Amino acid sequence: MEFNFSEKVAVITGAARGIGQAIAISLAECGARVVILDMNEEGANSTKNAILEKGGEAWVYQADVTDMGRIKGIIDDIHSKLGSVDILVNNAGIVSPKPFLETSEKDWDLIMAVNLKGVYSTCFAVLPVMIEQKYGKIVNIASIAGKKGGGFFGNTLYGTSKAGVIALTKGLAREAGKFGINVNAICPGPIETSMLNGLDEENRKRILSGVPLGKFGKPQDIANMVVFLASDLASHVTGEITDVDGGIMRDN
Ligand SMILES: NC(=O)c1ccc[n+]([C@@H]2O[C@H](COP(=O)([O-])OP(=O)(O)OC[C@H]3O[C@@H](n4cnc5c(N)ncnc54)[C@H](O)[C@@H]3O)[C@@H](O)[C@H]2O)c1
């Protein structure tokens, strides 16, 4: 069975590196026309080049997902240039390891702005286009921290922001279903990206001891689930919050 996204336009936030980069490349490999939206223009261009080298099509927009005006302008631009916006993957996110009492109002505002308002902002801009098309796939990258209330390398604020993403996913799935729009979320467990770089050996071992599959995930593991959820094979799946975590949540 093949995944075929030819003629589909897919917007992926935070695709300059890590999980978002794997998602962008995977969707492009399946034929999607990929739009990379990231603050990091250099990284975004390297993702774009990787796609072009494989014979795919990609565009870059340098933007902060918290800037609603700019996001709306970008989505309108993509719509008018490429003719549709079929897939939106909300992947941009930041993490903070700070214990609760060491956080500040600024920390709260930043993490909620990027991780939660960022998802609101892109969904808000894309939804009218998808409603008009009567077709759309939205996949939000939350985290098992949103179910557990933080933990591992994400603190309480991070977990709170991701819990918001989970609720937004379920609510939007309910509201947008009648327009042929599927909205789902993925909750990754620990995945080998720069987010794990700060962990020392002792902590890596401690975390791994709680993973039934005994390994950290790879960005590709998340990309594979995105490909499925963004495809028509998942056309009857919406409002689903899917763990891709090596089994960690089975004991939670
Ligand atoms: N790595 C993990 O173990 C893990 C686990 C659970 C969930 N997640 C989630 O997966 C997503 C991707 O994580 P990753 O490990 O690839 O992270 P990463 O830090 O490697 O990549 C995040 C990307 O988002 C971009 N970004 C950050 N803030 C932005 C903003 N305001 N506007 C636009 N772009 C912005 C960055 O430039 C970067 O390219 C995040 O939402 C993260 O919370 C990761």
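These legends go with a set of close-up views of the predicted model.

The model is predicted, so local features need pLDDT of at least 70 and side-chain atom pairs count only at pLDDT 80 or more, while totals for chains, interfaces and linings use all residues. Residues are numbered from 1 along each chain as its sequence is written, and side-chain values use heavy atoms, with hydrogens and water left out.

View 1. The strands come in the order 3-2-1-4-5-6-7, with parallel pairing. Strands here are DSSP runs of E with at least two residues, helices are runs of H or I with at least four, and both are numbered from the N terminus. Two strands pair if DSSP finds at least two bridges between them. At the edges sit strand 3 (57-62) and strand 7 (241-244), each pairing on one side only. From one strand to the next, the twist averages 20 degrees; the axes are lines fitted to C-alpha atoms (for helices, over the stretch in contact), and angles run from 0 to 180 degrees between N-to-C directions.

View 2. Valine 11 has valine 35 as its bridge partner in strand 2 and leucine 88 as its bridge partner in strand 4. Strand 2 (33-38) is largely enclosed by the rest of the structure, because six of its six residues are buried. Buried means under 20% relative accessible area, exposed means over 50%, and partly exposed is in between (1.4 Å probe, protein chains only). Arg33, Val35 and Leu37 point one way from strand 2, and Val34, Ile36 and Asp38 point the other way.

View 3. Strand 6 (residues 181-188) is mostly covered, with eight of its eight residues buried. Ile181, Val183, Ala185 and Cys187 point one way from this strand, while Asn182, Asn184, Ile186 and Pro188 point the other way. Four bridges then take strand 6 on to strand 7, in parallel, and proline 188 stands opposite valine 244 there.

**View 4. Helix 3 and its buried side.** Helix 3 (residues 68-82) has 15 residues, which should span 21 Å at 1.5 Å a residue, and its end C-alpha atoms are 21 Å apart, so the two agree. The expected span is 1.5 Å times one less than the number of residues. Ile71, Ile74, Ile75, Ile78 and Leu82 are the buried residues of helix 3. They cover an arc of only 95 degrees around the axis, which puts them on the same side of the helix; the arc is that of the directions from the helix axis to the C-beta atoms. An α-helix has 3.6 residues a turn, so residues three or four places apart point the same way. The buried residues of helix 3 pack against strand 1, strand 2, strand 3 and helix 4, with contact meaning heavy atoms within 4.5 Å. On the face turned away from that buried side, Gly69 and Ser80 are exposed. Just after helix 3, glycine 83 takes a positive phi of about 90 degrees.

View 5. Helix 6 (residues 156-176) touches strand 5, strand 6 and strand 7, and its direction makes about 160 degrees with that of strand 6. With 21 residues, helix 6 reaches 30 Å from its first C-alpha to its last, close to the 30 Å expected. Its buried residues include Leu157, Tyr158, Val165, Ile166 and Leu172. Besides the three strands, the buried residues of helix 6 pack against helix 4 and helix 5 (145-148).

**View 6. Cysteines without a bridge.** Searching the whole structure turns up zero disulfides, a disulfide being a pair of cysteine sulfur atoms within 2.5 Å. The sulfur of cysteine 123 is 15 Å from the closest cysteine sulfur, in cysteine 187, which is too far for a bond. Cysteine 123 counts as buried because its relative accessibility is 4%; cysteine 30, at 18%, also counts as buried.
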